[in-house]
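Please look over the structure shown here before reading the briefing. The notes after it are grouped by topic.

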Amino acid sequence: MNTQKILHLTDISQLPPFQKNESVAIDTEIFQLNKTTMHRPTSGKFAAASFTTASGTYVITDVNLLQSVLDYFNGGVHIFHNAKFDVTHIRRWACIVTGK
């Protein structure tokens, strides 16, 4: 059985070593989205973001950590289930570079 650790981050010093070009899956959760405009960054509140690498899953619930964690994983291969939704909303709170 393959077990993976999940850690609620309170500081980026808790993140594991990360290499350039390593894969990181990123997902966001948003509270109180307006159902008719949920694809637009005009409603909702940041609930959490998760970052999954080969060494585990790291979850933040403090939006003030979002930019620091994104910077930490800069240079990695970012994987999203629904990038258009996630990146659009992430850009409300942080700068995220996509593409090459």
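The briefing below covers the overall fold, the nonpolar core, a threonine pair and the aromatic rings.

This is a predicted model, in which local features need pLDDT of at least 70 and side-chain atom pairs count only at pLDDT 80 or more, while totals for chains, interfaces and linings use all residues. Residues are numbered from 1 along each chain as its sequence is written, and side-chain values use heavy atoms, with hydrogens and water left out.

**Overall fold**

- The protein has two helices and five strands, taken as DSSP runs numbered from the N terminus (H or I of at least four residues for helices, E of at least two for strands).
- Along the sequence these elements come in the order β-β-β-β-α-β-α.
- Of the 100 residues, 36% count as buried, where buried means under 20% relative accessible area, exposed means over 50% and partly exposed lies in between (1.4 Å probe, protein chains only).
- Among contacts with a separation of 6 or more, 61% are between residues 24 or more positions apart, a contact being heavy atoms within 4.5 Å.
- The protein exposes about 6400 Å², of which carbon and sulfur atoms supply 53%; accessible areas come from the Shrake-Rupley method with a 1.4 Å probe, and for residues only the protein chains shown count as cover.

**Nonpolar core**

- The largest nonpolar core has 20 residues, and those with the most contacts inside it are Phe 51, Ile 60, Leu 66, Val 69, Leu 70 and Ile 90; such a core is a set of buried Ala, Val, Leu, Ile, Met, Phe, Trp, Tyr and Cys residues joined through side-chain atoms within 4.5 Å.
- Two or more residues of this core come from each of β2 (23-31), β3, β4 (56-60), α1 (66-72) and α2 (83-90).
- Leaving aside neighbours within four places in sequence, Leu 66 is in contact with Phe 46, Ala 49, Phe 51, Ile 60, Ile 90, Trp 93 and Ala 94.
- In α2, the residues Phe 85, Asp 86, Val 87, His 89 and Ile 90 are buried, and the buried residues of this helix pack against β2 and α1.

**The threonine pair**

- Thr 52 is found in strand β3 (residues 45-53) and counts as partly exposed because its relative accessibility is 28%.
- Thr 57 lies in strand β4 and is buried, since its relative accessible area is 14%.
- The side chains of Thr 52 and Thr 57 are joined by a polar contact of 3.0 Å, that is, a pair of N or O atoms within 3.5 Å; within protein, one must be able to donate a hydrogen and the other to accept it, and residues adjacent in sequence count only if both atoms are side-chain atoms.
- The C-alpha atoms of Thr 52 and Ile 26 are separated by 6.6 Å, although these residues are 26 residues apart along the chain.

**Aromatic rings**

- Rings of Phe, Tyr and Trp (its six-membered ring) pair if their centres lie within 6.5 Å, with planes under 30 degrees apart counted as stacked, over 60 as edge-to-face and the rest as tilted; by this rule there are five aromatic pairs.
- The rings of Phe 18 and Tyr 72 have centres 6.5 Å apart and planes at 40°, so this pair is tilted.
- Because Phe 18 lies in the loop between β1 (6-8) and β2 while Tyr 72 lies in helix α1, the pair ties together parts that are 54 residues apart in sequence.
- Tyr 72 and Phe 73 form an edge-to-face pair, with 5.3 Å centre to centre and 90° between the planes.
- Phe 18 is buried at 15% relative accessible area, Tyr 72 is partly exposed at 28% relative accessibility, and Phe 73 is buried at 0%.
- Ring pairs link Phe 18, Phe 51, Tyr 72 and Phe 73 into a cluster.
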